[in-house]
Amino acid sequence: MPYPRLTRAMVFFTSVFRSTVELPEYVASNEPFTDRPLGPEQGNGPIFVSARFRSGSTLVWQIFNMLPDFTAYYEPFNERRWFDPDARGNLVDSTHRGVSDYAANYQNLKGLDQYFDTLWASKKLAMGQGATDANMVAFLEQLIRTAPKRPLLQFNRVDFRLAFLKEVFPRACIVHLRRNPRDCWRSTLREHDNDPNWNLLTFQPFCNFYLLPWYRDLSIVFPEMLRPAAQTHPYEIYYLIHRLSELFARRDANFFISYEQLNTSFVKEAGLLLEKVRASSMLSKEVEALYAPRQSQYDHSADMDLYSGIEAKVEQALKAWLASK
């Protein structure tokens, strides 16, 4: 992975960010995650669900949205501004089965407009313990404070902000959802197949879930890892961000859940999740019927060499980079 020499200005800029973004340790991708059981003060605190795009996080949100003792907020940092009926529209992703309204729990919250910043979706993505954003804190505090029941906030935009959230909301429980990165990658491509000839320039028309904007923002914080050549295949960037996301979650989250395990044993895994977060209600028949397991719709056979080569390259570079810090 080719990296340019850092200029003095880049080193200074990076060091400023590093003062608040402490890097995680390297752990191999196949190593199991160790739960961090909740402390007494977290038993009835808010729940933050963190996940990459297209990992099944809408399904997790649906579980809690259907339980009587939770107020489940869907993607609070989404640019559609769910709290604003004039901005959010009524479009629903057809792949989100059983969902008809993302904004159900955002009624009468138009006042959140004074805090909301659309740049949260793709800027200042990495925030450590010492980071500050008064509007972000006020926005989340109001969601939590006004929730009539125990609040759950499902995010696709905080996996590099978990240390910040832990610092600001020490009573929160953080859950990170995992999914096979190859399936996630193919899902982000929508109806397009993977193209082994893509590079960071030719991929632009097919970038549906912020990969290139996230790459540009995170490369400011992590320039040694996220400044590859223009001819790099975009899956290399995707896999690197995916793995960094997992490593930060491994350090900062309380629990991991697996989309694949939900898919093969939904009732069991959903029940275990509720037990871990100390939910007071049990799964209902309605929730149990929420999901019908399905086989992966993606055939990766034509891309196995491409994926395995890129993943091995990223793992080697990631391990060396984190070990040197």
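The legends below describe close-up views of one predicted model. Residues are numbered from 1 along each chain as its sequence is written, and side-chain values use heavy atoms, with hydrogens and water left out. Because the model is predicted, local features need pLDDT of at least 70 and side-chain atom pairs count only at pLDDT 80 or more, whereas totals for chains, interfaces and linings use all residues.

**View 1**
Helices (H or I, at least four residues) and strands (E, at least two) are DSSP runs, numbered from the N terminus. Two strands pair if DSSP finds at least two bridges between them.

**View 1. Strand 5 pairs with strand 4 (residues 173-178).**
The two strands run in the parallel sense and share four bridges. Valine 175 stands opposite phenylalanine 255 in strand 5. In a regular strand the side chains alternate between the two faces of the sheet. In strand 5, Phe255 and Ile257 lie on one side and Phe256 and Ser258 on the other, and all are buried. Here buried means under 20% relative accessible area, exposed means over 50%, and partly exposed is in between (1.4 Å probe, protein chains only).

**View 2. Cysteine 173 and cysteine 184 are buried.**
Cysteine 173 counts as buried because its relative accessibility is 0%. Cysteine 184 also has a relative accessibility of 0%, so cysteine 184 counts as buried. A disulfide is a pair of cysteine sulfur atoms within 2.5 Å. By this rule the model has zero disulfides.

**View 3. The second largest pocket has a volume of about 440 Å³.**
Rolling a probe the size of a water molecule over the atoms shows where empty space is left. On a 1 Å grid over the protein atoms alone, a cavity is a set of points where a 1.4 Å probe fits but cannot get out, and a pocket is an open set with protein on both sides within 12 Å along at least five of seven lines; lining residues have an atom within 4 Å of a point. Grid points are joined across faces, edges and corners, and a volume is the space filled by probe spheres set on the points. This pocket is lined by 23 residues, and Arg178, Glu246, Phe256, Ser258 and Glu260 lie nearest its centre. The lining divides into eight nonpolar, five polar and 10 charged residues. In this grouping, Ala, Val, Leu, Ile, Met, Phe, Trp, Tyr, Cys and Pro count as nonpolar, Asp, Glu, Lys and Arg as charged, and the others, Gly among them, as polar.

**View 4. The model holds two cavities of 30 Å³ or more.**
The largest cavity contains about 90 Å³ of space. Of its 14 lining residues, Thr188, Phe209, Tyr210, Leu211 and Tyr238 lie nearest its centre. Helix 5, helix 6 (211-221) and helix 7 each give at least two residues to this lining. By class, the lining has 11 nonpolar, two polar and one charged residues. The second largest cavity has a volume of about 30 Å³. Residues lining the second largest cavity include Val21, Met127, Phe160 and Phe248. Helix 7 gives the most to that lining, with three residues.

**View 5. Arginine 54 and arginine 81 have positive phi values.**
Most residues other than glycine have a negative phi, and most peptide bonds are trans. Phi is near 65° for arginine 54 and about 55° for arginine 81. Arginine 54 is in the loop between strand 1 (47-51) and helix 2 (57-65), and at 15% relative accessibility arginine 54 counts as buried. Arginine 81 is in the loop between strand 2 and helix 3 (134-146); arginine 81 is buried, with a relative accessible area of 16%.

**View 6. Asparagine 78 lies in the loop between strand 2 and helix 3.**
Asparagine 78 counts as buried because its relative accessibility is 11%. The C-alpha atoms of asparagine 78 and tryptophan 120 are separated by 8.3 Å, and the two residues are 42 residues apart along the chain.
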